[in-house]
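Dear colleague,

Please find below the structure that I am handing over to you.

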Amino acid sequence: MLQNLPLIVANFKANKTWDELSQWLEKVGPQAKDFLGTIIVCPSMAYVSEASQKIKSAGWQIKVAAQDISRFEQGSYTGEVAASQIKDQVSYCLIGHSERRQNFGEDDNALAAKAQNAKSAGIEPIFCVQGQNTPIPRGVQIVAYEPVSAIGTGNPDSPENVQKVAQIIKSKGDFTVLYGGSVTRDNAKSFIKPGTIDGILIGSSSLDPQTFLKIVETI
Ligand code: PGA
């Protein structure tokens with residue numbers, strides 16, 4: 001999938017009601033057309049479909065990503081959402097976020113199956129790695145480097161180190177590389193390095209639409 005760089009990904013995790021998400025979209029949506037890169041929003045799975053319809057009918061330049069996907073295709077898997085069930089609503093899917101690895105015991109095999117399922121359904125995985133040695137499944141094109149020590153801690157990695165890690169990741173394949181972990185409106189710009197760091201993945205600083213728009217503006 002070809003997308004305009006940089007990518008700015010807003011990961012809402014298990015935050016926001018539909019009303020709050022809807023308000024966020026109404027604030028960010030109309031401004032998105034002025035951004036030359038790509039804005040990707042990751043709502044809770046509960047609202048993926050409604051968010052996608054709202055964006056489509058308003059004509060906003062925002063892509064929707066799921067925060068996760070089942071490792072299984074459709075079948076007897078209670079509670080799961082298969083890639084083929086949301087392929088019409090999302091363009092991307094986060095896979096391998098450290099919160100999934102830690103809290104839900106997702107291992108390399110499960111994550112490779114998820115990436116494969118996403119690809120087969122035409123959904124582009126944004127595969128999260130915690131370091132330069134984290135295995136990257138076949139077919140993955142977008143990699144997000146997110147060191148655990150930086151996620152939600154207010155303690156981001158240094159732009160210099162992120163650049164080093166991004167170069168190592170890029171030496172292994174033709175990857176688009178993002179950085180995530182305590183990205184704020186003050187430090188966001190320092191992480192974007194055309195040709196090396198192609199975008200950012202933002203958790204808590206993406207929740208407030210004004211703060212998020214400020215980040216987009218600085219980039
Ligand atoms: P943070 O989260 O921006 O709140 O550190 C980033 C992430 O979990 O992807």
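I begin with helix α8 (residues 209–218), whose buried residues are P209, T211, F212, L213, I215 and V216. Here, buried means under 20% relative accessible area, exposed means over 50%, and partly exposed is in between, computed with a 1.4 Å probe on protein chains only. Helices (H or I, at least four residues) and strands (E, at least two) are DSSP runs, numbered from the N terminus. The cover over the buried residues of α8 includes β1, α1, β2 (38–42), α7 (188–191) and β8 (199–202). In general, an α-helix has 3.6 residues a turn, so residues three or four places apart point the same way.

Before going further, please note that this is a predicted model, in which local features need pLDDT of at least 70 and side-chain atom pairs count only at pLDDT 80 or more, while totals for chains, interfaces and linings use all residues. Residues are numbered from 1 along each chain as its sequence is written, and side-chain values use heavy atoms, with hydrogens and water left out.

The nonpolar cores

Which residues have the most contacts inside the largest nonpolar core? They are L25, V41, I62, I200 and F212, in a core of 53 residues. A nonpolar core is a set of buried Ala, Val, Leu, Ile, Met, Phe, Trp, Tyr and Cys residues joined through side-chain atoms within 4.5 Å. Apart from this core lies another, of 13 residues, among them V9, L94, I142 and L178. As a general point, nonpolar side chains tend to be buried together in soluble globular proteins.

Aromatic rings

A search of the whole structure finds six aromatic pairs. Rings of Phe, Tyr and Trp (its six-membered ring) pair if their centres lie within 6.5 Å; planes under 30 degrees apart count as stacked, over 60 as edge-to-face and the rest as tilted. One of the pairs is F12 with W24: the ring centres are 4.9 Å apart and the planes are at 80 degrees, so this pair is edge-to-face. Because F12 lies in the loop between β1 and α1 and W24 in helix α1, the pair ties together parts that are 12 residues apart in sequence. F12 is buried, at 1% relative accessibility, and W24 is buried with a relative accessible area of 1%. Another pair is Y145 with Y179, with centres 6.0 Å apart and planes at 55 degrees, so this pair is tilted. Y145 lies in strand β6 (residues 142–145) and Y179 in strand β7 (residues 176–180), so the pair ties together parts that are 34 residues apart in sequence. Both Y145 and Y179 are buried.

Charges over rings

A charge sits over a ring if NZ of Lys or CZ of Arg is within 6 Å of the ring centre and within 35 degrees of the ring normal. The charged end of K16 sits over the ring of F12, 5.2 Å from its centre. R100 lies over the face of F104, at 3.9 Å from the ring centre.

Backbone geometry

Most residues other than glycine have a negative phi, and most peptide bonds are trans. K16, in the loop between β1 and α1, has a positive phi of about 85 degrees although it is not a glycine. K13 is placed in the loop between β1 and α1 (18–28), and its phi is also positive, near 50 degrees. K13 counts as partly exposed because its relative accessibility is 21%; K16 counts as partly exposed at 22%. In the segment before β1 (7–11) is P6, and a cis peptide bond with an omega of about -5 degrees joins L5 and P6.

Cysteines

How many disulfides does the structure hold? With a disulfide taken as a pair of cysteine sulfur atoms within 2.5 Å, the count comes to zero. The sulfur of C42 is 8.6 Å from the closest cysteine sulfur, in C93, which is too far for a bond. For C128, the closest cysteine sulfur is in C42, at 8.8 Å, again too far for a bond. C42 is buried at 0% relative accessibility, and C128 is buried at 0% as well.

Yours sincerely

Note on methods:
Contact = heavy atoms within 4.5 Å.
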